[in-house]
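Please keep the sequence and the structure in view while reading.

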Amino acid sequence: MSGRLQNSSLGSAPEGTTHRCTIESAMNVFLSRFAKNSRSTVLHGLRKAADGMGYQNIPLEGVPWDRIGASEIVQLVQQWRGTVSGASIRIYIFAVRGVIESCVKHHLVDPSQFEPIRVIRVPKPIGRDGLGRYIDEKDRRQILRSCDTDERQLLAKRDKAMLSILFGSGLHRAEATQLEIQDIDLTEATFTIIARGHRSVEKYLAAWSIAPLREWIRELAGQGITSGPLLRRISKGGRPLSKLSPNGLWRALGQRCIYAGVRTIKPHDARQTLGADLISQHGLMTAKLALGHSDVMTTTTYAVTSREEMKSTFRHKFI
């Protein structure tokens, strides 16, 4: 976007140092809340916002943050949508909102000006933005088979259990890493997790996932581990260690894909795949319950119609 945002009330930063120093002190107070890495992320967000408003060549402390209103932020969101992820937009808006709120505390901005900014929310993605990729059956079978042929037996069993949880229940990666051995009932093919609001929620396992999970739990029991985290880090010597973190799960899945020779699969791809299959085979309401959605409209975004299904539909369509 060339030039400053249209309909913006902003002008160029005033000359002199008094205004700049006051803005700089307000911004520094806001930034002082963060550790070094987080501060870099916030500064990046401020830079993106300043550039988006046409202040590419002005230092951040020279941008008139005290005169930015809700309309300018809404224009920024519209400008970024479709090219920047929702998560990044939230960070950028958080950074701008934080500096303006600090300006309020420094008496540079009237609280009434900040209120419309405070309530701005980044809209949910349109269509399939942010959703996972549907993984076809061929790749699913190939990555599971790679665990059977892997000489690193303990790691392979852990990975097969991980795949069973992801593709067999549709858990988010954070939920998967929180799952504990004692929460699983393989006889009933169910397990419990603590969901938002500290609620205990029952989840279900696909029939095919029972055997790999039973084998992994048996392996852990053989090493004296009968409770605690199900998915664990594996030492170089082949011993189960502490709980696998969400980022560790992401890396483990990526490494398994490389070993199996399949295109990279992300944790949410497994949830997307299970959701699409449940919708196709059992309908929206079953998928909604299995995925834990409160709104069936969210579940509809998981629907996938393959090229072959489309061909079959039109092949049998009559006037």
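In what follows, Ala, Val, Leu, Ile, Met, Phe, Trp, Tyr, Cys and Pro count as nonpolar, Asp, Glu, Lys and Arg as charged, and the others, Gly among them, as polar. The model is predicted, so local features need pLDDT of at least 70 and side-chain atom pairs count only at pLDDT 80 or more, while totals for chains, interfaces and linings use all residues. Residues are numbered from 1 along each chain as its sequence is written, and side-chain values use heavy atoms, with hydrogens and water left out.

**The second largest pocket**

A pocket is an open set of points, on a 1 Å grid over the protein atoms alone, where a 1.4 Å probe fits, with protein on both sides within 12 Å along at least five of seven lines; its lining residues have an atom within 4 Å of a point. A volume is the space filled by probe spheres set on the points. The second largest pocket holds about 630 Å³ of space. It is lined by 25 residues, of which R140, F167, A206, W208 and D277 are the closest to its centre. Two or more lining residues come from each of α6 (137-149), α7 (153-169), β3 (199-204), α11 (267-282) and α12 (284-291). Helices (H or I, at least four residues) and strands (E, at least two) are DSSP runs, numbered from the N terminus. The lining comprises twelve nonpolar, six polar and seven charged residues.

**The sheet**

Strand β3 also belongs to an open sheet of three strands in the order β1-β2-β3, with antiparallel pairing. Two strands pair if DSSP finds at least two bridges between them. Because β1 (184-185) and β3 stand at the edges with a single partner strand each, one side of each has no neighbour in the sheet. Two antiparallel bridges join β1 to β2 (residues 190-195), and I184 lies opposite F191 in β2.

**Two helix contacts**

Axes are lines fitted to C-alpha atoms, for helices over the stretch in contact, and angles run from 0 to 180 degrees between N-to-C directions.

| Helices | Angle | Distance between axes |
|---|---|---|
| α2 (residues 36-52) and α3 (residues 70-80) | about 95° | 10 Å |
| α7 and α11 | about 40° | 7 Å |

Angles under 35 degrees count as roughly parallel, over 145 as roughly antiparallel, 65 to 115 as roughly perpendicular and the rest as oblique. Helices α2 and α3 are therefore roughly perpendicular, whereas α7 and α11 are oblique to each other. Contact means heavy atoms within 4.5 Å. In α7, L166, F167, G168 and S169 meet A270, R271, T273 and L274 of α11; this contact has four nonpolar, three polar and one charged residues.
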